[in-house]
Amino acid sequence: MAYVIGDSCISCGSCAGQCPVSAISQGDAHYEIDANTCIDCGSCAAQCPVSAISQG
Ligand code: SF4
Ligand code: SF4
């Protein structure tokens, strides 16, 4: 059960730098998390200024 980024993402990029396994990258509409790489550490969710990241 990986974390997911919702539509409220403003593409600030803060979360990408927090991810220990580099699972976050810029997608078409907003940043995205690779579910196969995410290890559910939660660091990105704590970093997001608009609370766009939640556990899927
Ligand atoms: S929960 Fe952790 S491993 Fe998963 S995308 Fe966020 S920072 Fe990366
Ligand atoms: S920290 Fe939040 S707003 Fe910024 S890119 Fe990540 S998900 Fe989007």
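1. Ligand 2 has 13 residues around it, and the nearest of them are Cys9, Cys12, Gly13, Cys15 and Cys48; a residue is near a molecule if one of its heavy atoms lies within 4 Å of it. The shell around ligand 2 is made up of ten nonpolar and three polar residues, with no charged ones. In this scheme Ala, Val, Leu, Ile, Met, Phe, Trp, Tyr, Cys and Pro are nonpolar, Asp, Glu, Lys and Arg are charged, and the others, Gly among them, are polar.

2. The model is predicted, with local features needing pLDDT of at least 70 and side-chain atom pairs pLDDT 80 or more, while totals for chains, interfaces and linings use all residues. Residues are numbered from 1 along each chain as its sequence is written, chains are lettered from A and ligands numbered from 1 in the order in which they are written, and side-chain values use heavy atoms, leaving out hydrogens and water.

3. Ligand 1 is also surrounded by 13 residues, the closest being Cys19, Cys38, Cys41, Gly42 and Cys44. Its shell divides into ten nonpolar residues, two polar ones and one charged one.

4. The protein chain contains two helices and four strands, and from the N terminus their order is β-α-β-β-α-β. The radius of gyration is 10 Å, close to the 10 Å from the globule rule for 56 residues, so the chain is as compact as a globular protein of that length. The radius is taken over C-alpha atoms, and the rule is 2.2 Å times the number of residues to the power 0.38. Helices (H or I, at least four residues) and strands (E, at least two) are DSSP runs, numbered from the N terminus.

5. The C-alpha atoms fill a box of roughly 25 × 20 × 20 Å along the principal axes. Of the contacts with a separation of 6 or more, 55% join residues 24 or more positions apart; contact means heavy atoms within 4.5 Å.

6. Buried residues account for 34% of the 56 residues. Buried means under 20% relative accessible area, exposed over 50%, and partly exposed in between, using a 1.4 Å probe and protein chains only.

7. The largest nonpolar core has 15 residues, and Ile5, Cys15, Ile24, Ile33 and Ile53 have the most contacts inside it. Strand S1 (3–5) and strand S3 (31–33) are the elements that give this core two or more residues. Such a core is a set of buried Ala, Val, Leu, Ile, Met, Phe, Trp, Tyr and Cys residues joined through side-chain atoms within 4.5 Å. Beyond its neighbours within four places in sequence, Ile5 contacts Cys15, Ile24, His30, Tyr31, Glu32, Ile33, Ala52 and Ile53.

8. Ala52 sits in the loop between helix H2 (43–47) and strand S4 (53–55). Its relative accessibility is 6%, so Ala52 counts as buried. Leaving out neighbours within four places in sequence, Ala52 is in contact with Val4, Ile5, Gly6, Ser8 and Cys9.

9. Ile39 lies in the loop between S3 and H2 and, at a relative accessible area of 53%, is exposed. Not counting residues up to four places away in sequence, Ile39 touches Pro20 and Val21.

10. Most residues other than glycine have a negative phi. Ser11, in the loop between S1 and helix H1 (14–18), has a positive phi of about 55°. Ser22, in the loop between H1 and strand S2 (24–26), has a positive phi near 50°. Ser11 is partly exposed at 27% relative accessibility, and Ser22 is exposed at 62%.
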